[in-house]
Amino acid sequence: TLSGCGNDVRGTSATLLRSRRPLPTAFEVPLPRPAVRCPDSSGRLAIVQRVADVEILPGVKTQVWGYDGTFPGPTIETRAGSPVTITHTNELPVPTATHLHGGHTPSDSDGWPTDLVEPRGATARATGGPSHSGGHASMADPDANVSNGSRDYRYPMDQQAATLWYHDHRMDFTGPAVWRGLAGMHLVRDDHEDSLGLPHGERELPLLIADRSFDSDGALRYPSRDRTLRVPGVTDQWMSGVLGDVMLVNGAPWPVAEVDAARYRLRIVNACNARRVTLVFETGGRGMPLTQVGSDGGLLARPRLLRELILAPGERVDVVVDFGTVPVGSRVTVRNTVGGGSTSQVMQFVVARRASDDSRVPDRLAERAPGLTVPASAPRRHFTFAMGSDGGTALWTINGKPFDPSRALASTPRDQTEVWRVTSNVHHPVHLHLDPFIVIGREELGWKDTVDMRPGETLDLAVRFHDYAGRYVMHCHNLEHEDMAMMARFDVT
Ligand code: C2O
Ligand code: CU
């Protein structure tokens, strides 16, 4: 079913799935702004996961699985220190598990991959194990906490302002579920950040980037997960990662946005399954300077001047761009310098009008500079992300082991700083749940929860987990790698 060929994006040989219909013209569809949802006065918010027909490509309907029936889902906004309970109701035909990526969340609300919410009306499964028709060897999880129809996810929001996102996390099926639309942004705000004077309101834009491919009837294309169609001995064509040929921003193909000649704060998430992007903002053949103010886990210590933004799947960047520095009427094109063909462009801004601007980017951003002190006696662990096998089937593994919900690869006491050395055979965006980390030697990156590893690279991460004991996962955020078992449980005790 694949018409694609290997697409070597800096060391990842993922599979490019080509659309079977003519691609729309770039920079014609207006950039959508996802609906904003805030908790009510008692800290509650309800989201329904459902099937919906939406117009992504002009003139044709595409069926998506969406939070509130939209793709992306609504942008959830919460305040640091104000706990929120989000009730997710599942009206989809499949079980789901919702994870708040970047959330400092107790284990039982973290979207553990087998803590499923069964579709409303379905009978809860006795075993709790995921229903496999693909993925890696089926294993039941005796500790799975399965709910029927809906579930309350409790988020204490005991964390600083940051750009988070939420997405499906069901074991072995995260890739296809996110591809079909189960992803949205979640902004945590706090008083300190509010006091800085960064661009806000209309001049703060969440941008969720995702590549997708479409069938001739407008349906989303994703490789067949049916292993009976597999040629024996041949690795699943999708398992190295699936790339699309249509770049969507907030669910629109190569959109265009009119902006004032003023500073804008762009909160960008790479929600692609497997595509890393390198973004430049170009006008009149020249790149614009970009001021990074935040990273995965919140504000940087100081602003960082960049020419390009490199984002692997799962990573976020919070950046200020000053459209006041270019003439009114300018078109600023966001290009992806590592993308080929149709994926080398992402979106466009049109500087439509002069406007006053009282925003600013102060020299000091974070209240407390991101960092962890690593004592000489800090425990060290080593995790190797590489290809492995399970009973003769090729899989992605961590320390040679495919994901098994009942086996922890590490157990760490709360509030203990440790050094986790991570080694990667090919490109892997390595992601840890519960708390962000510091990449030792790359402190200027700030708090990270996902780090893009290059082929053969080894990085030391300073990690420290707070507050909540329980089981958590770390995994590769190339979602096909994750589904092909590149995930490990760690326990916080
Ligand atoms: Cu964005 Cu464990 O995932
Ligand atoms: Cu990977």
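The model is predicted: local features need pLDDT of at least 70, side-chain atom pairs count only at pLDDT 80 or more, and totals for chains, interfaces and linings use all residues. Residues are numbered from 1 along each chain as its sequence is written, and chains are lettered from A and ligands numbered from 1 in the order in which they are written. The chain contains three helices and 37 strands, where helices (H or I, at least four residues) and strands (E, at least two) are DSSP runs numbered from the N terminus.

**Overall fold**
- The C-alpha trace spans about 60 × 55 × 50 Å along its principal axes.
- Of the 493 residues, 50% count as buried, meaning that 20 or more other C-beta atoms, placed from the backbone, lie within 10 Å of the residue's own.
- Of the contacts (C-beta atoms, placed from the backbone, within 7 Å) between residues at least 6 apart in sequence, 77% join residues at least 24 apart.

**A five-stranded sheet**
- An open sheet of mixed pairing has the strand order β3-β6-β13-β12-β8; strands pair if DSSP finds at least two bridges between them.
- Its edge strands are β3 and β8 (98–101), each pairing on one side only.
- Strand β3 (residues 36–37) pairs in the parallel sense with β6 (residues 75–79) over two bridges, and Arg37 stands opposite Ile76.
- Strand β6 also runs parallel to β13 (residues 183–189), joined by four bridges; here Ile76 stands opposite His186.
- Strands β8 and β12 (residues 162–168) run antiparallel and are joined by four bridges, with Leu100 opposite Tyr166.

**Nonpolar cores**
- A nonpolar core is a set of buried Ala, Val, Leu, Ile, Met, Phe, Trp, Tyr and Cys residues joined through C-beta atoms within 7 Å.
- The largest core has 115 residues, of which Leu208, Ile209, Val249, Ile268, Val319 and Phe323 touch the most other members.
- A second, separate core of six residues includes Ala97, Val117, Ala144 and Val146.
- Beyond its neighbours within four places in sequence, Leu208 contacts residues including Pro72, Ala183, Met185 and Val249.

**Domain record**
- An unreviewed UniProt entry lists residues 53–114, 148–191 and 393–492 as "domain: Plastocyanin-like"; such annotations may be inferred rather than shown by experiment.
- Residues 53–114 are 0% helix and 42% strand, with end C-alpha atoms 28 Å apart.
- Residues 393–492 are 5% helix and 48% strand, with end C-alpha atoms 31 Å apart.

Notes: A residue is buried if 20 or more other C-beta atoms lie within 10 Å of its own, exposed if 12 or fewer, and partly exposed in between; C-beta atoms are placed from the backbone. Two residues are in contact if their C-beta atoms, placed from the backbone, lie within 7 Å.
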